[in-house]
Amino acid sequence: MSAPEEPGRAAFARAFDGTEASALIEAPGRVNLMGDHIDYHGLDVLPMALAQRVRLLVRARPDATVRVRNADPSHGERVFTAGPSIEPACAGDWSNYIRAAVIGLYDKVPAPVCGFDAVLESDIPIAAGLSSSSALVVAAGLAWLHANRTHIEPMSLAATLAEAERYVGTRGGGMDQAICLLAREGHAARIAFDPLRVAHVPVPDAWRFVIAFSGERAEKSGAARDVYNERASESAAAVRLLLDRLLPGSKSSHRPCAALRDLLSTIEPERLDVEAREALPPALLARFRHVASEGARVALAVEALGRADSERFGRLMDASHTSLRDDYAVSTPALDALTAFMRAEGAVGARLTGAGMGGCAVGLCIGDAARHLIEALNTRFPRTGAAPNARLPFRCMATPAHGARITVF
Ligand code: GLA
């Protein structure tokens with residue numbers, strides 16, 4: 001399929017000695033609507049893909065060099081040699097997400113491998129909780145497969161790339177890569193793990209999700225990474241203690257995610273509460289309470305979405321924010337103020353989205369209330385800064401978009 005109007009193709013030719021790109025890869029960001037900090041415990045989540053996306057124009061090389069030029073000149077160009085292990089660039093460098101994808105998929109393509117030349121553009125705000133980094137991992141993974149004429153079915157690719165992204169040092173779950181690859185236009189997706197499964201749920205026509213940046217960056221490869229990993233290990237410790245108490249000697253030590261799902265689906269909530277209070281010290285109790293309650297909210301949110309019950313969905317969003325703030329301690333005063341402002345200005349519910357510790361909040365509005373909210377944000381919400389590559393400040397009406405695509409020229 002040809003796309004002669006593709007504006008970046010001329011830039012690609014200029015960047016790489018007149019050669020033409022052979023494909024355009026697009027990989028969307030995402031907003032998570034319900035279920036944060038539970039994918040790494042194997043519990044379901046409910047994100048949707050955004051229209052904002054990473055775009056990579058790409059062409060295979062005859063050798064193993066990977067050369068990516070960022071269309072934003074301030075980010076320059078990165079070059080490395082593909083191999084089964086690749087030295088990381090300094091912490092926080094954007095090329096680490098590309099290196100992660102290449103290492104993760106290195107042995108999935110036939111030898112001798114081909115690297116690629118690429119020009120990268122993105123309109124997903126960086127460090128804003130909208131998964132710009134996983135979109136880059138997915139785009140780079142698809143570029144590597146394109147260069148090496150290999151196809152991997154999206155479910156299995158999502159699982160491989162989730163694992164691969166841990167190269168950057170964040171012990172993430174699999175939500176971001178899955179929604180990036182498997183999203184369907186007009187739908188949110190209930191994603192289940194181990195094995196990965198996706199159920200697409202239509203978003204009612206009148207529902208509008210408004211996203212706004214809090215003004216505080218949440219660097220996935222910086223300070224936010226340390227808090228993220230700390231929360232992941234605290235809640236894993238809480239889950240382990242509780243499983244040891246309630247399911248001693250079972251599969252819980254080998255497959256804690258499966259054991260946790262079994263436990264949550266069988267035990268009475270009142271009994272779980274009593275057992276958790278007896279088994280866990282206060283800090284771990286709070287972390288566990290978030291994991292268990294957020295898991296339950298995802299199921300309720302999917303039901304509310306299916307019935308177009310926005311009031312119920314909104315209340316669940318509010319409860320989720322409270323839990324992320326009080327029990328999981330990943331909100332910030334700016335996110336709290338932003339979600340409160342969204343509610344006061346017409347959202348039926350609002351929560352931080354993604355890993356928190358800065359980044360964005362999402363609010364649900366019905367019909368014209370969304371325009372009012374965006375107008376109010378633009379005129380009356382204090383402007384505390386902007387994501388580095390976003391218009392200042394970043395606010396948008398999110399449209400549930402399709403997943404990653406490759407157009408071969
Ligand atoms: C990051 C991770 C995801 C998920 C969210 C929080 O985006 O990449 O796997 O854990 O944080 O829900």
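**The ligand and the nonpolar core**

Guide: Welcome! A polar side-chain atom of D176 sits 2.7 Å from an oxygen atom of the ligand. This is a predicted model, where local features need pLDDT of at least 70 and side-chain atom pairs pLDDT 80 or more, while totals for chains, interfaces and linings use all residues. Residues are numbered from 1 along each chain as its sequence is written, and side-chain values use heavy atoms, without hydrogens and water.

Visitor: Which residues around the ligand come nearest?

Guide: Of the 13 residues around the ligand (a heavy atom within 4 Å), D36, H37, D39, D176 and Y228 come nearest.

Visitor: Why is a set of 130 residues called a nonpolar core?

Guide: Because a nonpolar core is a set of buried Ala, Val, Leu, Ile, Met, Phe, Trp, Tyr and Cys residues joined through side-chain atoms within 4.5 Å. Buried means under 20% relative accessible area (1.4 Å probe, protein chains only). The largest such core here has 130 residues, and F116, F209, I211, F288 and F313 have the most contacts inside it.

Visitor: What does F313 touch?

Guide: Leaving out residues up to four places away in sequence, F313 touches L33, L46, W207, F209, A301, A304, L305 and L364, where contact means heavy atoms within 4.5 Å. Another core, of seven residues, lies apart from the largest one and includes F12, F16, A21 and V119.

Technical notes
Polar contact = N/O pair within 3.5 Å; in protein donor to acceptor, adjacent residues only side chain to side chain. Buried < 20%, exposed > 50% of the residue type's maximum accessible area, 1.4 Å probe, protein only.
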